[in-house]
Amino acid sequence: MKKNIIVQKYGGSSIANIDRIKEVAKRILGSKKKNNALVIVVSALGDTTNELEELAFKINKNPPEREMDMLMATGEQIACALLAMAIKNLGHDAISFTGTQVGIITDCSHTKARIETISARRIRKALAENKIVIVAGYQGVTEENEITTLGRGGSDLTAVALAQALQAKVCEIYTDVGGIYTTDPRIVKNARKIKTITFEEMLEMASLGAQVMQARSIEVAKRFNIPIHVRSSFSKEEGTMIVKKTSNLEQVSVQGVTSSRSEAKITICAVPDQPGIAAKIFTEVSKVGATVDIIVQNISHTRHTDISFTVPKTHLTKALNAVKIVAKKIRAGEVQHNNNIARISIVGSGMRSHHGIAAQMFRTLAKSKVNIEMIATSEISISCIISNRQVAKAVKALHKQFGLSKRK
Ligand code: ADP
Ligand code: ASP
Ligand code: MG
């Protein structure tokens, strides 16, 4: 009889300590049936990945990416071994594997590697022996046998990619909240759990800061149409289904509010307003591998203009170095930067057919005395860059304005 394969992923927040690992082991055994086969993906325990990162930066302010991957991948290896032991202790056979051992082959871009193929031969063999298989998330290996990681939050991607490779029946993501909410429930207590959300909206929310799912994992789920169930590892409650299409008759204009503190702003003052100048600046920035997002250039009245743009905080140093050199070359003025910014966004596919949403967002922020520094839009989202001190206030105000709170 062919067994249904179920992929479950437990995040670091679900296995933060020994008691939790034991709890999760019990829960896994509770879901083991005769006719199913379980593949469990784990992240590193609790805050381990951040702690490893801190260690690296204490030794070297600019740690080599290859060595970062060697270091960061160890967290998940600890987690999968401990969980396998916990399951065996409860009387069921289990075996843990690293990304390398199950053949998760990636390209060579250390710290943000892309999965190329998954052989999963050892997983299939172990499942055939009725073992529960535990896989270390977030990691892979190159053809040259170098260990890589898949970007922060990458265990979500391991789970979705394994679900695809194994043609799993279900992909469940267990975390410390009950599902996907209208906004981060840690910021807004009465945020509402969303029953079903489309890949498109979830991808937008994840890209704009909803940390609960890694954006890249949703890209893969969308491409291969793999429904995902995001749910709590602390309760039995149903969570949120991420699917291709929801059955809602009409799309709501705003589905969720997100915030992100991952970017910094660079401003080049008094840039000569001539053709080719923006090309020069951004060519230099891209040469050092910095990713640019929102760009704002004012109209010039004096033949000079300020150009501001955002980069991930982790790219700030290299972007600044490049910008300072090019600013001199083009005879621009001072280069400033600001680390204390945040992006708040509203997301919803109904925005395509509703008017006035942007105006409503800006009015709400104005009423809350939140100054907007930059604005960016996509078809299904609007983002504003604001001061990071005002994030909670702005998120709460927008959440209320767009009627997203729990229905009483
Ligand atoms: P895990 O360790 O399970 O991978 P993460 O910390 O990566 O968990 O993601 C879960 C966290 O995501 C939650 O604790 C919550 O604070 C945060 N979060 C942000 N936005 C949302 C949202 N819209 N819905 C649910 N959780 C969210
Ligand atoms: N432990 C890794 C991280 O913190 C991967 C993950 O949690 O999904 O980013
Ligand atoms: Mg996560």
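How far is an oxygen atom of ligand 2 from an N or O atom in the side chain of Arg-152? The separation is 2.6 Å, and the rest of this report sets that contact in its surroundings.

## About the model

Welcome to a predicted model, in which local features need pLDDT of at least 70 and side-chain atom pairs count only at pLDDT 80 or more, while totals for chains, interfaces and linings use all residues. Residues are numbered from 1 along each chain as its sequence is written, chains are lettered from A and ligands numbered from 1 in the order in which they are written, and side-chain values use heavy atoms, with hydrogens and water left out.

## The site of ligand 2

Let us stay with ligand 2. Around this ligand (a residue is near if one of its heavy atoms lies within 4 Å) are Ser-43, Ala-44, Thr-49, Glu-76, Tyr-138, Arg-152, Gly-153, Gly-154 and Ser-155. By class, the shell holds two nonpolar, five polar and two charged residues; here Ala, Val, Leu, Ile, Met, Phe, Trp, Tyr, Cys and Pro count as nonpolar, Asp, Glu, Lys and Arg as charged, and the others, Gly among them, as polar.

Polar contacts are pairs of N or O atoms within 3.5 Å; within protein, one must be able to donate a hydrogen and the other to accept it, and residues adjacent in sequence count only if both atoms are side-chain atoms.

## The site of ligand 1

Ligand 1 has 19 residues around it, and Thr-175, Asp-176, Asp-184, Arg-186 and Gln-211 come nearest. This shell divides into eight nonpolar, seven polar and four charged residues.

Which side chains supply the contacts here? In Thr-175, a side-chain N or O atom is 2.7 Å from an oxygen atom of ligand 1. Gln-211 likewise has a side-chain N or O atom 2.7 Å from an oxygen atom of this ligand. From the backbone, an N or O atom of Val-212 lies 3.5 Å from a ligand oxygen. Of the 570 Å² that ligand 1 exposes when taken alone, the protein buries 91%.

Now to the strands. Helices (H or I, at least four residues) and strands (E, at least two) are DSSP runs, numbered from the N terminus, and two strands pair if DSSP finds at least two bridges between them. One open sheet of four strands runs E15-E16-E14-E17 with antiparallel pairing. Its edges are E15 (295–297) and E17 (335–338), each pairing on one side only.

E15 pairs with E16 (residues 304–312) over three antiparallel bridges, and Val-296 has Ser-308 of E16 as its bridge partner. Helix H9 (residues 316–329) lies across E14 (263–272), E16 and E17, at about 0° to E14. Contact here means heavy atoms within 4.5 Å; axes are lines fitted to C-alpha atoms, for helices over the stretch in contact, and angles run from 0 to 180 degrees between N-to-C directions.

Five antiparallel bridges join E13 to E18 (residues 341–347), with Ser-260 opposite Arg-343 in E18.

Methods. Accessible areas come from the Shrake-Rupley method with a 1.4 Å probe; for residues, only the protein chains shown count as cover.
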